[in-house]
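Reader: Hey, can you walk me through this one? I'd like to go topic by topic.

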Protein chains: 2
Amino acid sequence: MNESEVINRLKRIATDPAARGLADDAAVLDGLVITHDTIAEGVHFLPTDPPASVGWKLVAVNLSDLAAKGAAPRAALLSLCIGDEDWDEAFLGGIEAACESYGLNLIGGDTIALPEGAPRVLGLTAIGKAGERVPSRSGGRAGDILWVVGTLGDGAAGLNLLQEDAEATGPLIDQYRRPVPLLAAGQVLARKANATMDISDGLLIDLQRLAEASGCAAEVDLDALPLSRAFIAERGQDRRARLFAATGGDDYALLAALPEGFDPLGLPLPSDSTIAAVGRLTEGSGITLRDAAGPVGLPERMGYEHRRD
Amino acid sequence: MNESEVINRLKRIATDPAARGLADDAAVLDGLVITHDTIAEGVHFLPTDPPASVGWKLVAVNLSDLAAKGAAPRAALLSLCIGDEDWDEAFLGGIEAACESYGLNLIGGDTIALPEGAPRVLGLTAIGKAGERVPSRSGGRAGDILWVVGTLGDGAAGLNLLQEDAEATGPLIDQYRRPVPLLAAGQVLARKANATMDISDGLLIDLQRLAEASGCAAEVDLDALPLSRAFIAERGQDRRARLFAATGGDDYALLAALPEGFDPLGLPLPSDSTIAAVGRLTEGSGITLRDAAGPVGLPERMGYEHRRD
């Protein structure tokens, strides 16, 4: 089974309404929003990544799911594998820093040893307090405008730099290693959005999921993608760079479908928020891309997917 | 850091009351009892174990933590690594069977691929509805009688048989592969017990944790340990066999400290429950063992511990 087939199998088991059909960033149970992300060495982080940043990122990627649902951080359970003393100590320092930064209380988990030489596997269950509304991925409607909060491509560009030089530093690498969950923005968007999700595997693959869950098609204007100065300095902003940013993954930006005519610039978003209208939902199915020069074909790779075979 | 040092480090982070100082089987948050267990191939299960039984066991060990706190199964999040198609399908069949058997609803989780050749690592967060009381490990008092529900040593004896012959079958192997969480018994005990926990790493090491959390010493009568007929047939019931049963791990029996004079045989336990008084809490600290012949020295190995160095 590839990832899609496994998820279809899981969906047949997960019939409780709290599961939201496993088609959302998180489950919603008794006023709590609950998510779990697992990361593996060599897949989600590099053996050379500073362990404190791995701890930070594990917390941040889970909080990004809570952010996408407008939830406030409440508690977490950590699945920890122990091995190298210094690595573990620094990793826990990163966990602690992120928990403190975002008011997340560690309340439990499990500590295990893996067989000698096995890649590290680390998991976190994050629990948030639901706001008045918890938008799903499936509430988008034809005509909705697609907004992105945050910038795209930085994390993937940072990873690329590290693959060329494990000692590289700079803002793109910071974004790859220490993403910032957009909790305040998510809480504001949740009050008004028809559909929301976080962009973790890449805009196109994640938008495909939102559009499919909403029973819509989606159009994306590549020229409208929000790119950071650091990204543009590294990779430019031509069509190739924009396709990279649209499919790179590791963004932890937020995607929201808001009713046409609604201006999110009037919302009380944090003052440093980057927000851009990148397209719209339409009748039908599938994703179409364009830029100033006209239609753009879909890339073969829409984003990060585990085991596509 | 060994496991104890890591847990001490985690305790310094986990100051929220819901964490119960990380000294309990589960966290208690907003009327929910929440636990997470992770299992790894080559550590918690054998590569040769039938994958359906691995799925069953992952659910069962988490439910055993809920049972120990008297909670009713409510929902679960699964951390799944995917790889071999047939293995994954059978594993999910085991997950589904256990979830259905105990009314646990799968509501979320994560699906990842591990690097080629990495041992499988699988996690589950289980959420239960708290009963009127959620006894901790720390409420035991000097004078309390220590009761065990279930039998001891079967799982470890089953594992030993499988290590000698991977094709072995029988009730001890069933107990190792498909433990039964004692949910109904746990709910009954929770109403009256001063302290409870599940016995997953071995009676002695787990009792040491309960006694320490309760600020007590504990005496155990090895002759009183509840042993199954299958265990006795395989390993006998002499002192050596009883020490094996007291330290084996993988029991998923329940340990409860009940006030002296309280007779749990009057409780509405399930009719097939095995319950035995195995000792008592006393003033002081540490564990002492005895049998009909007199005091028995503590074994070097008190139970299963990750990374003791």
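Predicted model: local features only at pLDDT ≥ 70, side-chain atom pairs only at ≥ 80, totals over all residues.

Reader: Ok, so is A:Lys69 buried or exposed?
Author: A:Lys69 is at 0% relative accessibility, so it counts as buried.

Reader: Where does A:Lys69 sit in the chain?
Author: In the loop between H2 and strand S3 (72-82) of chain A.

Reader: And what does A:Lys69 touch?
Author: Leaving out residues up to four places away in sequence, its contacts include A:Arg20, A:Asp24, A:Asp25, A:Arg133 and A:Arg137. A:Val33, A:Pro135 and A:Thr196 are also among the residues that A:Lys69 touches.

Reader: Switching to helix packing. How do H2(A) and H3(A) meet?
Author: The axes of helix H2 (residues 51-68) and helix H3 (residues 85-102) of chain A come within 6 Å, crossing at roughly 40°. That crossing is right-handed.

Reader: Which residues make the contact?
Author: On the H2(A) side, they include A:Val54, A:Gly55, A:Leu58 and A:Leu63. H3(A) brings A:Trp87, A:Phe91, A:Gly94 and A:Ile95, among others.

Reader: What's the contact like by class?
Author: There are 15 nonpolar residues, three polar and no charged ones between H2(A) and H3(A).

Reader: What about helix H4 of chain A, which of its residues are buried?
Author: For H4 (residues 154-164), the buried residues are A:Asp154, A:Gly155, A:Ala156, A:Ala157, A:Gly158, A:Leu161 and A:Leu162. They pack against helix H5 (171-177), helix H8 (229-235) and helix H9 (239-247) of chain A.

Reader: Rings next. How many aromatic pairs are there over all chains?
Author: Eight aromatic pairs. One of them is B:Trp87 with B:Phe91, a stacked pair at 5.3 Å centre to centre with 15° between the planes.

Reader: How far apart are B:Trp87 and B:Phe91 in helix H3 of chain B?
Author: B:Trp87 and B:Phe91 are four residues apart in that helix, so about one helical turn separates them. As a rule, an α-helix has 3.6 residues a turn, so residues three or four places apart point the same way. B:Trp87 and B:Phe91 are both buried, too.

Reader: And which residues do ring pairs link into a cluster in chain A?
Author: A:Phe45, A:Trp87 and A:Phe91.

Reader: Which charged ends sit over rings in chain B?
Author: The charged end of B:Arg120 sits over the ring of B:Trp87, 3.9 Å from the ring centre. Likewise, B:Arg235 has its charged end over the ring of B:Phe244, at 3.6 Å from the centre.

Reader: Which strand is B:Leu122 in?
Author: Strand S5 (residues 121-129) of chain B. B:Leu122 has a relative accessible area of 0%, so it is buried.

Reader: What does B:Leu122 touch?
Author: Not counting residues up to four places away in sequence, B:Leu122 touches B:Phe45, B:Trp87 and B:Phe91, among others. B:Val54 and B:Leu58 are also among its contacts.

Reader: Last topic, backbone. What is phi at A:Leu22 and at B:Asp30?
Author: Most residues other than glycine have a negative phi. A:Leu22 has a positive phi of about 55°, and B:Asp30 has a positive value near 50°.

Reader: Where are A:Leu22 and B:Asp30?
Author: A:Leu22 is in the loop between helix H1 (3-13) and strand S1 (27-29) of chain A. B:Asp30 lies in the loop between strand S1 (27-29) and strand S2 (32-40) of chain B. With a relative accessible area of 52%, B:Asp30 is exposed.

Technical notes: Residues numbered from 1 in each chain as written. Chains lettered and ligands numbered in written order. Heavy atoms only, no water. Axes fitted to C-alpha atoms, helices over the stretch in contact; angles between N-to-C directions. Helix = DSSP H or I, 4+ residues; strand = E, 2+ residues; numbered from the N terminus. Left-handed = near helix turned anticlockwise from the far one by under 90°. Contact = heavy atoms within 4.5 Å. Nonpolar A, V, L, I, M, F, W, Y, C, P; charged D, E, K, R; others polar. Phe/Tyr/Trp six-rings, centres within 6.5 Å; stacked < 30°, edge-to-face > 60°. Buried < 20%, exposed > 50% of the residue type's maximum accessible area, 1.4 Å probe, protein only. Lys NZ or Arg CZ within 6 Å of the ring centre and 35° of its normal.
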